[in-house]
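Dear colleague,

Please find below the structure for your review.

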Amino acid sequence: MTACAVLAGLAVFQAALLAGAPLGRFAWGGQHNVLPHGLRVGSAVSIVLYAAFGYAALAKANMVPPLGDETVTSVIAWVLTGYFVLGVLMNAISRSKPERTVMTPVALLLAIAYLVLAVN
């Protein structure tokens, strides 16, 4: 499943940022090569969110137990579609060229993947 694979990759990326890898130019506005403490906390939260988003994708694909009833699972899929569309826009306007170049297509791929899940 595309959404889960991309989210797993993002979780690994955020874990690297959390550990102090000099990849900050690709995330959080790209202002820091190594993230300061507050943004590292944000990376930790992101990892948890990506796991929840992945579960939601698997639930919508009927691969794990649903999140409540089918309606709740469908609404969550649509909300996540909107979230990733917003992510496309936010990454596209980032001041960081590396973030725009790498993360905008990643967010677009996730938006499309969740849209496909939401409409099915």
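**Helix packing and the nonpolar core**

In this predicted model, helix α2 (residues 37-60) and helix α3 (residues 70-92) have axes that come within 10 Å and cross at roughly 130°. Angles from 65 to 115 degrees count as roughly perpendicular and those over 145 as roughly antiparallel, so α2 is oblique to α3. The crossing of α2 past α3 is left-handed. On the α2 side, the residues involved are Phe53, Ala56, Ala59 and Lys60, and they meet Thr73, Ser74, Ile76, Ala77, Leu80, Tyr83 and Phe84 of α3. Sorted by class, this contact of α2 with α3 comprises eight nonpolar, two polar and one charged residues.

Helix α2 also packs against helix α4 (residues 97-119), at an angle of about 35° and with the axes 9 Å apart. Here too α2 passes α4 in a left-handed crossing. Phe53, Gly54, Ala57 and Lys60 of α2 meet Tyr114, Leu117 and Ala118 of α4. By class, the contact of α2 with α4 has five nonpolar, one polar and one charged residues.

Phe53 therefore deserves a separate entry, as contact here means heavy atoms within 4.5 Å: leaving aside neighbours within four places in sequence, Phe53 is in contact with Leu7, Leu80, Tyr83, Phe84 and Tyr114.

The largest nonpolar core has 24 residues, and those with the most contacts inside it are Leu7, Phe53, Phe84, Leu110 and Tyr114. The elements giving two or more residues to this core are α1 (2-18), α2, α3 and α4.

Kind regards

Notes:
Residues numbered from 1 in each chain as written. Predicted model: local features only at pLDDT ≥ 70, side-chain atom pairs only at ≥ 80, totals over all residues. Heavy atoms only, no water. Axes fitted to C-alpha atoms, helices over the stretch in contact; angles between N-to-C directions. Helix = DSSP H or I, 4+ residues; strand = E, 2+ residues; numbered from the N terminus. Parallel < 35°, antiparallel > 145°, perpendicular 65-115°, else oblique. Left-handed = near helix turned anticlockwise from the far one by under 90°. Nonpolar A, V, L, I, M, F, W, Y, C, P; charged D, E, K, R; others polar. Core = buried A, V, L, I, M, F, W, Y, C linked by side-chain atoms within 4.5 Å. Buried < 20%, exposed > 50% of the residue type's maximum accessible area, 1.4 Å probe, protein only.
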